[in-house]
Structures are given as C-alpha cells and as structure tokens.
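Notebook open, structure loaded. I'm jotting down what I look up as I go.

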Amino acid sequence: MTRHYLFLQGPHGPFFGQLASALADTGADVTRVGFTAGDRLFWPRRHRFCAFTGATAEWPSEFTKIIAEIGTTDLVLYGDTRAIHAQALVLARQAGLRLHVFEEGYLRPYWITYERGGANAHSRLMQIEMSEIDRFLDENHAEFPNPPASWGAMRAHIFYGAVYHFTVLALNRRYRALEPHRDISVAREAGLYLRLLLLAVPHWLDRVIATARVFRGSFPYHLVLCQLAHDASFRSHADFPDMGAFVETVVGGFARSAPGHHHLVFKAHPLEDGRFPLRATIRHCARAHDVAGRVHFVRGGKLGRLLDGAATAVTVNSTAAHQALWRGRPVKAFGRAIYAGRNFTSEQPLSEFWANPTPPNHAQYRRFRQFLLATSQVPGSYYTSVGRRKIIRRIVDLMRAETDPYDRAKRGKTATSRQLFSVVHTAN
C-alpha cells in the first residue's frame, strides 16, 4: 500500500519540506496542512498544500474530512501539546493512522527526538521499565560516544524563527480566524526574535560578566536550569501555574534551607526572549527572601562549565537535566519527564535536598542514555543544512518501518553499530 504522509506544523525552517521530498522519493504521497503563511513559505511548491483558514473550533471536523479525502496513512507533526496537534492526534488514533512525533532532542543539541505516538511526558518511554532497558543493553553491547564540546545550531534556530514570524506578520491575512497557540501576538513574537538577533553581542557580554562572577567566587553553588515560560513541557507537564511560582518556590526554599555560604545560580534558556520578566522576578524574590547577594542570573550560553562546578541542579522538567545526570550531579525535578524517577532524580523536599542531596544512580542513568541513543535520538539539527541531511539520511527508513524504535529495541532488532549512532561533529 502506498503510504500518504500528512504533515502539520513543524520546526521553523525547511526541515519538514525536505523530509517530505525524501519520503516522496520512496514513492509515498505527501500533503501538508498549513495554518500560517510561514508554513506555506517553507513547503515545496511541488507537494500538495492545504491551507486551513477556518476558526479553531472548525479544525477537528476539517481534519477528519482531510484524512478521509486524501487517504492518509501517517500523521507527521512537531510537538504534541498545542491544541491543533493534540486534537489531531486523538482523531488520528481513532482512524488508525501511524503517528510520527518530532521534538527537540532529549539529548540536545546534537540529536533530535523521533517517536511514535507522543513525546516528553506523553512518550512511550514513560511506560518502559529499566529492567526492559537493561535486558536490551545486555543483548546489544553497543558503545555510544559522548557529545562533542562545540555548540549546536542556536543562531540558525533564531534566524528561522525570525523569518517565520515576520512572514506570518506580513502575509497572514487569510489565516486570521485561527487562534494562535501562543498567548502573545504574532507582531510581539516577531519583535522578540528580532530583539534576540540585534542584542546578541550585548547579551553575550552580559553572560560573560555574570559567568565570570560565578567562577571567581569561592562559594559552592546550586544551578537552576530554567525553561521558557511558554515551553510546552513546562505548561503541559508541570504543576506550577507559571514561571513566577517556580522561581518563588526555588528561591524561598534556598533561603530557608541551603547553607548560608552557598549561592544559587539561575541559568536562562538560550532562547529566553524577555516575554516573561525572568530576571526581574528572580531579583524580586531574592530581595524578598533577603538572599539578593547570593542569587545570580546567567543569560543563556553554554551549560557544561556551569554544571561542572555546580553542587546540584534544580529544574521543572528541562532536557538540560540530562547533562547534569550525565555528570553525576544530584537533580531535583518538579515536573513530569522521561528521566524523572528511575533512581535518577531526587525525591527529597528542597529542605533536605540542599542540606544532603541524594546523588543519582549514575551507572543506571548512563545505561538509560545509551538506550535513548539506540532508539529515539537521531543525530542532526533541524536548523542547519548539514544537520538536516544527517537526520533525513536515517529518519526516512525509521518512519517507513512497521514498528517504532522502542518496539524494535525490545525485540532486539535495533541496529547498534558505533558508526550508525556516531555524534554529529559538524552540526553547524
């Protein structure tokens, strides 16, 4: 049977269009539903494009109509929590479609995530026990290299984000009936991306000074791995109403429980754009709890060096926690994530965590990481030409396979050669 892949929204940039062309080369049919002018911009003209210009309430019935009319067999999307995707996934399951979900890499920035059915707290990983993972690894003696020291594709990510949002701002007239999945206007979001590009140098200088202040100090410090306030994992898989509540919990717990000579360092997400006043909120909480001199803010940048010197790490459910666990740092996670529990993260309340933190089962975590590299983590980047080629070389066969990577691993059929899972040394 000829497969027909229906694409919804993807990462900013040309990745979904190039993937569709690669799938079409196998003889498959490809179609995309576009919700914005930005979706149209990056989709090849030779492939079918269906513009959805109705209101959000009309989407479920329109989706059902589209998949029936074109004979859809597979649904392809990026992220599974925005409303149009969540609704489509429910209906696609009912229709028996194969579900391909892409996300940023659990072990980012050198890998992307590909799963069937769902990602993050909706991932099938949440139901896979360590005993199953251990059994697979015992039968497949694969060694996977560590990530390189160089950075990934953040500049390209910001560039494509700016292009996408300015296209939407200028050309989106016919799509205005659809409610955006963000709670700010397109103009505001486009302006924030432009601001990131224009302030790259001042932000770099601010980061260098703040990082040097931490490294020059002789104090022990605890690292807070911040996420974007609008991040899907934070909003869908955490119990905090907003980022301010998380900051208050962490700073208040630090003030009450951490030793008096310890410091707290908030590390912002590299794409932190100021839509939530993170820095001001941290400063306000630190003053309110009388620990302003012991709380620091670092804007983006590389995480490795800060983690190397950190005593512990705290987060909601950031994928950056993988870097802390890989280094053997005690981690306190407040949200639902694939790494939470499993003897990796601490179940202690903050008062006990900072006084006497429970370290992770490091050997077990490294095996978990090996399993990720053998299944859902694909080398490459959505945002660079080299990175996209690396993904597409592998992903087409993964998508065409009858079983998903986790099923093949459990059956002992996943390829595990060192060459196949080699790290992307040229992601830029």
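Starting with the nonpolar patch: its largest share, three residues, comes from H7. Helix H6 (154-171) and helix H7 (186-198) each supply at least two of the patch residues. I'm taking helices (H or I, at least four residues) and strands (E, at least two) as DSSP runs, numbered from the N terminus.

Housekeeping before I go on. This is a predicted model, where local features need pLDDT of at least 70 and side-chain atom pairs count only at pLDDT 80 or more, while totals for chains, interfaces and linings use all residues. Residues are numbered from 1 along each chain as its sequence is written, and side-chain values use heavy atoms, with hydrogens and water left out.

Back to the patch. I listed its members as Phe166, Leu169, Leu194, Leu197 and Leu198, with about 430 Å² of accessible area together. The areas come from the Shrake-Rupley method with a 1.4 Å probe, and for residues only the protein chains shown count as cover. To join a patch, residues need over 30% relative accessible area and no salt bridge; nonpolar side chains (Val, Leu, Ile, Met, Phe, Trp, Tyr) are joined within 5 Å, like charges within 9 Å. A salt bridge here is a side-chain nitrogen of Lys or Arg within 4 Å of a carboxyl oxygen of Asp or Glu.

I checked Phe166, which sits in helix H6. Phe166 counts as partly exposed because its relative accessibility is 34%. My cut-offs: buried is under 20% relative accessible area, exposed is over 50%, partly exposed is in between (1.4 Å probe, protein chains only).

Next, H16. Does its length fit, or what should its 16 residues (385-400) span? At 1.5 Å a residue I expect 22 Å, and the end C-alpha atoms are 23 Å apart, which agrees. The expected span is 1.5 Å times one less than the number of residues. H16 also bends by about 30 degrees at Arg394, taken as the angle between axes fitted to the seven residues ending there and the seven starting there. Arg394 is among the buried residues of H16, as are Arg388 and Ile391.

Then cysteines. I found zero disulfides, meaning pairs of cysteine sulfur atoms within 2.5 Å. Cys226 is buried at 5%, and its sulfur is 12 Å from the closest cysteine sulfur, in Cys285, so too far for a bond.

Last, the backbone. Arg108 to Pro109 is a cis peptide bond, omega near 10 degrees, and Pro109 is in the loop between strand S5 (98-104) and strand S6 (111-116). Asp290 has a positive phi, near 60 degrees, and is exposed at 72%.
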